[in-house]
Protein chains: 2
Amino acid sequence: MSEKINDYINRYRKIVDKKLVHHIENLSIPEQLKQSMLYSVEAGGKRLRPILLIASFESFADDFNYAISSCIALEMIHTYSLIHDDLPAMDDDDYRRGKPTNHKVFDEATAILAGDALLTYSFELIAGDSLLNDNQKVEIIKMLSATSGPKGMVAGQFLDMEAETRQVTVEELENIHALKTGKLLEFAMYAGAFLGGASQTQLQHLKHFAYYLGLIFQVQDDILDVTGDQEKLGKPVGSDEGNDKSTYPKLLGLDGAMDKKNEYVEKAYQELEKAEAKSSVLKELTDYFSNRDH
Amino acid sequence: MSEKINDYINRYRKIVDKKLVHHIENLSIPEQLKQSMLYSVEAGGKRLRPILLIASFESFADDFNYAISSCIALEMIHTYSLIHDDLPAMDDDDYRRGKPTNHKVFDEATAILAGDALLTYSFELIAGDSLLNDNQKVEIIKMLSATSGPKGMVAGQFLDMEAETRQVTVEELENIHALKTGKLLEFAMYAGAFLGGASQTQLQHLKHFAYYLGLIFQVQDDILDVTGDQEKLGKPVGSDEGNDKSTYPKLLGLDGAMDKKNEYVEKAYQELEKAEAKSSVLKELTDYFSNRDH
């Protein structure tokens, strides 16, 4: 891992962190609702989606400020999905990233509403961005709602819940992850490149790149659940083993999962090459995703 | 009640019903998720919000098709809010409009996701409307997210939950209803008039009109809980009495609540007059709201 990519990630993580908190703190809303939104937004997210969005933008243009509202909206939607996924009626998780989940700190009703609030506010944020023109706003909102809604992330979460108690095929597993994780990565790639002025052909290749990136992300997650370090992960290792959840190592063995990951990495590289992006940051981020230890 | 206003309501209700169902049926999404969305959307809503939006539009222009995507988005957001409000962690209601609530027919996880899906899809619908220009889409999305999000309806629901177990003042009650019910009515008035080409001054008066309409709506709800007909209401009469919920009759007595309602009706009329709308439909709808028996 080059030092450069870590610097890149840290620099933009700080910018995203600051803007995210700023936007929520400035809201005139009931105090406890605000605290609940802030709690999950501040709960140690790695901001990988916004960083990917900026990297996609910077593959085609320079002033990243044009991409910031899309970054913040994306991270708010990611955060809302975590809050709702953790609810007792859903995955029933008490901890996330080593901290108590939103409904454990506040209560279920507040957690549901904080999620609804983050989701809704993300669209207001883009519609109100003074840097973007109306056409850019409409395109971003179209893509954000399509990738996060019933045809995208929400469908993925639904299918994931449905699959939890039965054995699924590798194809089904890929489809679930492509929706649940891949769709927001697709938005990150698309929104960044679109705002950076990429062509339709370039956008298509980055969409395919995002698809493989989502799969890489998920295989590595599954691998880390077997081989990872509990301290670094912020959650118990082997937590997938005890339940009936389908994972790559369970379906293909650990070596098979590693092979699958490398296959996805190769395909991701190919798409990147076809997209003719001007910087190598996206390639370095792919390596980072593929080899991360938490 | 004139026959004319009932015809008006029935005509547009049918149009809204059909479009709503059409948009959801056409989605390529997991079947159970679609059924859950359809169930609540079809569960006998009166479509008063979309009808108000059309009436507001027709106060300034003719072809109501320009207002349809805003109507459908508004009703989807209203429906999502009912699904989430009914959840065990929120109001814990088993019935709504005489039918089992979403989470009783499906399950809690599906109900949460169906709500998230309706909310997200509402923005996609407006962004994808081929009749509107980009500026209109951005303005509508700005207003819809602002009125339904953490500064609007979500704040109202949060404060309502908070207030449930204590006595509140009339002023606090008004604030809760202005957010929880009034904000979406404000959207109905604003979106319709904006798309119809109303001036800034006219928009302001319609905003105030919506505020009073929301209060009329709520006082009448509270009055019906005391004097209503269980059959027509689709829920038990007197259900507010048994709990600690603050209502207008409890705070002011039944006669006091009636007086308050008439005061609001007068103020609503005044704002309508100042808005100089070209039709009398909004005035007739105000009477309809004020005197409805279910």
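**Loops, salt bridges and symmetry in a predicted model**

E276(B) is placed in the loop between α13 (248–275) and α14 (281–291) of chain B. E276(B) has a positive phi of about 50 degrees, although it is not a glycine. Most residues other than glycine have a negative phi. E276(B) counts as exposed, because its relative accessibility is 62% and the cut-off for exposed is over 50%.

A positive phi is also found at D92(B). The angle is about 50 degrees, and D92(B) is not a glycine either. D92(B) sits in the loop between α4 (68–86) and β1 (95–96) of chain B. Its relative accessibility is 44%, so D92(B) counts as partly exposed.

The relation between the chains was examined next. Two copies of a chain are related by a rotation about an axis and a shift along it. The same surface serves both copies, as 100% of the contact residues of chain B recur in chain A.

Charged pairs were then considered. Side chains of opposite charge can pair when their charged atoms come close. Over all chains, the count comes to 25 salt bridges. One of them joins R96(A) and D86(A), with the closest N and O atoms 2.8 Å apart. This pair links distant parts of the chain, ten residues apart. R96(A) belongs to strand β1 (residues 95–96) of chain A, and D86(A) to helix α4 (residues 68–86) of chain A. D86(A), at 4%, counts as buried. The cut-off for buried is under 20% relative accessible area.

A further salt bridge in chain A brings together the side chains of R292(A) and D221(A), at 3.3 Å from N to O. Again distant parts of the chain are linked, here 71 residues apart. R292(A) lies in the segment after α13 (281–291) of chain A, while D221(A) lies in helix α10 (residues 200–227) of chain A. R292(A) counts as buried, because its relative accessibility is 6%. D221(A) is at 28%, so it counts as partly exposed.

Salt bridges in chain A also form a network. Which residues does it link? They are D17(A), R47(A) and E75(A).

Chain B supplies another pair. K180(B) forms a salt bridge with D160(B), and the closest N and O atoms are 2.7 Å apart. The two residues stand 20 residues apart and link distant parts of the chain. K180(B) is in helix α9 (residues 170–196) of chain B, and D160(B) is in helix α8 (residues 153–163) of chain B. K180(B) counts as partly exposed at 22% relative accessibility. D160(B) is buried, with a relative accessible area of 12%.

Helix α9 of chain B also holds H177(B). This histidine counts as buried, because its relative accessibility is 7%. What does H177(B) touch, not counting residues up to four places away in sequence? The residues are G182(B), L215(B), Q218(B) and Y248(B).

V226(A), L254(A) and M258(A) make a nonpolar surface patch of about 220 Å². M258(A) is part of helix α12 (residues 248–275) of chain A. At 33% relative accessibility, M258(A) counts as partly exposed. A patch takes residues with over 30% relative accessible area.

An unreviewed UniProt entry gives "coiled-coil region" for residues 258–285 of chain A. In the model, those residues are 82% helix and 0% strand. The C-alpha atoms at the ends of residues 258–285 are 18 Å apart.

Conventions. Residues are numbered from 1 along each chain as its sequence is written. Chains are lettered from A and ligands numbered from 1 in the order in which they are written. This is a predicted model: local features need pLDDT of at least 70, side-chain atom pairs count only at pLDDT 80 or more; totals for chains, interfaces and linings use all residues. Side-chain values use heavy atoms; hydrogens and water are left out. UniProt positions are given in the numbering used here, feature names are shortened, and annotations may be inferred rather than shown by experiment. Helices (H or I, at least four residues) and strands (E, at least two) are DSSP runs, numbered from the N terminus. Contact means heavy atoms within 4.5 Å. Patches are made of residues with over 30% relative accessible area and no salt bridge: like charges are joined within 9 Å, nonpolar side chains (Val, Leu, Ile, Met, Phe, Trp, Tyr) within 5 Å. Accessible areas come from the Shrake-Rupley method with a 1.4 Å probe; for residues, only the protein chains shown count as cover. A salt bridge is a side-chain nitrogen of Lys or Arg within 4 Å of a carboxyl oxygen of Asp or Glu. Buried means under 20% relative accessible area, exposed over 50%, partly exposed in between (1.4 Å probe, protein chains only).
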